[in-house]
Amino acid sequence: MVTGVMFRDAIISASNNIANSRQAVDALNIFPVPDGDTGTNMSMTIGNAAKEMATLPDDCTLEEASSRCASALLRGARGNSGVILSLIFRGFSKAFKGVEEADGNDIARAFEKAVDAAYKAVMKPTEGTILTVIREAKDAAVEMAAIQNDALEVSFAALQAARAALAKTPELLPVLKKAGVVDAGGQGLVLIFEGMESVWDNNAIVQLLDDSKNKEESKSTVAAADEEIKFAYCSEFLIEKSDSAKEKDPLKLRAYLESIGDCVVVVDDKDIIKVHVHSNEPGNVIQSALKYGQLINIKIDNMRYQHENAELGTKSEEEVVKPQVQAPENDYGFVAVCAGDGLKELFTDLGADYVVSGGQTMNPSTDDILGAVMATPAKTVFVLPNNKNIIMAAEQAIPLANDRKVIVLQTRTVPQGISAMLTFDDTLSTEENQMAMMEAAERVETASVTFAARDSEVDGQKVKEGEIMGLCNGKIKFIGKDVAEIAIKAAEKLFKKNEHSLITIFYGADASEEQAAQVEAALSEKYGSDVEISTVNGGQPIYYFIISVE
């Protein structure tokens, strides 16, 4: 049987397991554009659930543990892979409703619900991905449950099938086979299941790798930062002493905490014990403390993630000022997602009530977008994700905003978002605006210039790490070494004289004003006065240029 405490520890173990291999999963991504990679997104998503699980007591039911896990995953979901992961566990939670302990049939039913939820969320499911892995795991679970109603046997059969399905993904997706890799999302899911199985089969929580191993895995500054962190989780809380525990010696608690962590503080008075500890076993910290009474003001932070977030340009939880909820007084409001001070200012000038900082390398979570929605004082809030990898996370916020309507416009680029906002007309109905804004967005062609994050081969083109790439509507068309030259070529590839009359050049934080002027001059010379060309300092990271053609 799988109990609530087993599920709780399994999620913590799963989070640690994928965190240990996060960069290896990121490296499986075959598209060379630097982005919010699969391993990072999945790890941060389940890390949010692990933090929630660490607060649960030993007597939690499976229903409670799975429900709180699903809620934390939903709110912490980042990128498409993170959203699909959250939907898989939402399916598990639905199956475990009213269940205190799960047998084999319950586990099989959980996999069926998970597959149903994951496939329904994707308009055009692609086989050879995480979807294939979870579906074949489900088939094996159902087959085993019919033979043997044992939870551990069913879960192990599902894991074995997931591994086999992962190994077959290159046969289903030729691009994976050509690159010699398996699907990144599928690999992430297998790592999560393996972390869970460690608890269910061996009663052992996978621990985060020690610092020397982390350093060997990566030369990045993130690993260098992790080198200083021996224990990942900072736990702080107060214990209200129970009557039976008032005679217990808190020094025994301190001694135990020192055996599993450092920076231990245990201060007690007549009724309260204050606890602070850094450890890799937050669940065990909580369990040991519960022997002394009930816990209040619990706060558990993953310090490694805080370092990672700092390297990704985001702030730690303590530094983030969360948006304040505003009453929905106005008829309409707007939330846009973008990175770069210039782009943020532009969206604000166009009427955006709130701009969420994020983009290609910093996919905001569902909770980040929900917070912005709730801080927008409007009855109907239009959300512009402006990135294909953020759309699903934004859509998960729709049912969470209970007192206002949320409409996610599927804008895939910043220029599409800008065009959509320019089209809004407050004399039209909500439905008319939604249609008009998306029609305007879809008319926009977007060229972008960035660098290759890894060696790769896409659409027959070989790309080496560090080379400059020109993308037209997301597809690599030009490779070279000169940023301005690639930008000019990409813009010219999209521009059609009979269809387009406006070009807007947004230059980023790593492009100079001189380079922007060079691009503008070249396009002006080619197209003459019939075309309106403007240049804006977008300040966006990663992309030297984003060019709108409409």
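**Close-up views of a predicted model**

View 1. Lysine 475 belongs to strand E13 (residues 475–480), strands being DSSP runs (E) of at least two residues and helices runs (H or I) of at least four, numbered from the N terminus. The model is predicted, so local features need pLDDT of at least 70 and side-chain atom pairs pLDDT 80 or more, while totals for chains, interfaces and linings use all residues. Numbering starts from 1 along each chain as its sequence is written, and side-chain values use heavy atoms, without hydrogens and water.

**View 2. The second largest cavity.** Two cavities of 30 Å³ or more are counted (on a 1 Å grid over the protein atoms alone, sets of points where a 1.4 Å probe fits but cannot get out; lining residues have an atom within 4 Å of a point). Helices H6 (104–121), H8 (151–172) and H10 (184–202) each supply at least two lining residues; H10 gives the most, with four.

View 3. Arginine 75 and aspartate 367 form a salt bridge through their side chains (3.1 Å, N to O). Arginine 75 lies in H4 (residues 62–76) and aspartate 367 in H17 (residues 366–374), so the pair ties together parts 292 residues apart in sequence. Salt bridges (a side-chain nitrogen of Lys or Arg within 4 Å of a carboxyl oxygen of Asp or Glu) number 20.

Definitions and conventions: 1 Å grid on protein atoms, 1.4 Å probe; cavity = no way out; pocket = protein on both sides within 12 Å on 5 of 7 lines; lining within 4 Å. Points joined across faces, edges and corners; volume = space filled by probe spheres on them.
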